[in-house]
Amino acid sequence: MQTSFSLAQLADPDIAEADKILRACVHCGFCTATCPTYVLLGDELDSPRGRIYLIKDMLENERPATAEVVPHIDRCLSCLACMTTCPSGVHYMHLIDQARVHVEKTYRRPLLDRLIRAALAKVMPDPGLFRWSLLAAFFAKPLAPLFDLVGLKPVGAMLRLAPAQFPPRGHRPPAVIPAQGERRGRVALLTGCVASVIAPQINESTIRVLTRHGIEVVLADGEGCCGSLVHHMGRDEAALASARANIDAWMREIRGPGLDAILVTASGCGTTVKDYGYMLRTDPDYAQSAKTVSGLARDVSEYMNKIINLGSSPQPGLVVAYHAACSLQHGQKIRREPKEVLSKSGFVVKDVPDGHLCCGSAGTYNILQPQLARALRDRKVANIAKVAPDVIAAGNVGCITQIAAGTDIPVVHPIELIDWATGGPMPGALRRPVDAVRA
């Protein structure tokens, strides 16, 4: 693709990066076949290639985003399936992220959209506020259809996604959880924001598995939200502030007792943490530390598959449909490790047909784009049903929440199954269904 940025424009490192990405595109259109929104809508402007043209036009001409362009940018899931498909190596992730920042800076959204986005950006990264919001949603859940009728579909979507039962408060372990037996490694665990509230059992299972296999676990003081949620809403400064806070927390451990890895259980968060080095590349105070942190970041399945010799499973033969989260398979290029570690644990692992297509979660997408998200979820659930699993495993809390809202098959994180298989408790979501199956 030819570009015509001026020398003055190219002096901006973000524009220089956009120019490099745009020039890599050869208009082949392979990306359209794996783009969920193009598959659903059939509109070229809702494909990666179409969005690339829109972004090029805005950036090249320094044109503010318009009401005609913004919906096509908003409808992108950032699933990154296009990057897996692209034969030219177009780094679409960095381009769409830059486009969202441009939209946020140059376009004034309608009042309702602004209010909903501001609420999501304020509440979801804050575990305390998020927990209170779930309490309110628990009581307001029956009103979801009413909100749809009065034109507040994002509010209705939020209520539908809220847990049917108020999640228990997770137990906050000590800052350092020692390894059992001889210490084989030392890692930091990102406790996160949303997952720590709606699925605290994921971190609890992770800690049990790691310490059981000789890994000391550190919950670094000061770490919190990775910044993904606001990053994908174009709120660049808020995302960078979260990144810097985490980097400070982890660098204190790295410079002190040291860390072998920084583990993340939510693959959407992991993709962002692994990108800290890029996000802060122009910050003289953080560039090197961000690069160090990104280099140590690992998905929990990626780390365990390399270092842990797992014991045999006490539940052999249980059929697991493995849902490959987009942020894991496309964003981090991790495809075989989660399935391998589940297989080593004694489970029968089956791939989901059309597993490259997104489930519709995508951070806040299933709230801000509820109709498209629901269509993608229903397609995903129908494909999962084809493999007749006992349980669904997904390595991202957003995917777990999204898929669970559309099926009665229990949905858990792979680490919960691995914990169970190596001496931990049966996952709570599995207890009744599995007992029924075995009866």
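Tutor: Let's start at Leu-146, which counts as partly exposed at 48% relative accessibility (buried means under 20% relative accessible area, exposed over 50%, and partly exposed in between, with a 1.4 Å probe and protein chains only). Keep in mind that this is a predicted model, where local features need pLDDT of at least 70 and side-chain atom pairs count only at pLDDT 80 or more, while totals for chains, interfaces and linings use all residues. Residues are numbered from 1 along each chain as its sequence is written, and side-chain values use heavy atoms, leaving out hydrogens and water.

You'll find Leu-146 in helix H10, residues 144-149 (helices, H or I, have at least four residues and strands, E, at least two; both are DSSP runs numbered from the N terminus). Together with Leu-143, Leu-149 and Val-150, Leu-146 makes a nonpolar surface patch of about 420 Å². Patch members have over 30% relative accessible area and no salt bridge; like charges are joined within 9 Å, and nonpolar side chains (Val, Leu, Ile, Met, Phe, Trp, Tyr) within 5 Å. The areas come from the Shrake-Rupley method with a 1.4 Å probe, and for residues only the protein chains shown count as cover.

From that nonpolar spot, move on to the charged side chains. The structure holds 24 salt bridges, each one a side-chain nitrogen of Lys or Arg within 4 Å of a carboxyl oxygen of Asp or Glu. One of them joins Arg-117 to Asp-113, at 3.0 Å from N to O. These two sit four residues apart in helix H8 (residues 111-123), so about one helical turn separates them. Arg-117 is buried, at 8% relative accessibility, whereas Asp-113 is partly exposed, with a relative accessible area of 21%.

Another salt bridge brings Lys-339 and Asp-351 together, 2.9 Å from N to O. Here distant parts of the chain are linked: Lys-339 is in helix H21 (residues 337-344) and Asp-351 in strand E7 (residues 348-351), twelve residues apart. Lys-339 is partly exposed, with a relative accessible area of 25%, and so is Asp-351, at 47%. Arg-49 and Glu-44 meet in a salt bridge too, at 2.7 Å from N to O. Arg-49 is partly exposed at 21%, and Glu-44 counts as partly exposed at 28%.

Now follow E7 into its sheet. This is an open sheet of four strands in the order E7-E6-E8-E9, with parallel pairing. E7 and strand E9 (411-412) stand at the edges with a single partner strand each, so one side of each has no neighbour in the sheet. Strands count as paired if DSSP finds at least two bridges between them. E7 and strand E6 (residues 319-323) have four bridges, in the parallel sense, and Ala-321 stands opposite Lys-350 in E7.

Next, find strand E4 (residues 261-264). Ala-261 and Leu-263 point one way from E4, Ile-262 and Val-264 point the other way, and all are buried. Strand E2 (residues 185-189) runs parallel to E4 and is joined to it by three bridges, with Val-187 opposite Ala-261. E4 also pairs with strand E5 (residues 297-299), again in the parallel sense and over three bridges; there, Ile-262 has Ala-297 as its bridge partner. Look too at helix H19 (residues 300-307), which is mostly covered, with six of its eight residues buried. Among the buried ones are Val-300, Tyr-303 and Met-304.

Last stop, the rings. Searching the whole structure turns up one aromatic pair. In it, Phe-347 and Trp-420 are tilted, at 6.2 Å centre to centre with 40 degrees between the planes. (Rings of Phe, Tyr and Trp, using its six-membered ring, pair with centres within 6.5 Å; planes under 30 degrees apart are stacked, over 60 edge-to-face, and the rest tilted.) The two are 73 residues apart, with Phe-347 in the loop between H21 and E7 and Trp-420 in helix H25 (residues 414-421). Phe-347 is buried at 5%, and Trp-420 at 6%.

There are charges over rings as well: the charged end of Arg-281 sits over the ring of Tyr-278, 4.0 Å from its centre, and Arg-244 lies over the face of Tyr-286, 5.8 Å from the ring centre. For that label, NZ of Lys or CZ of Arg must be within 6 Å of the ring centre and within 35 degrees of the ring normal.
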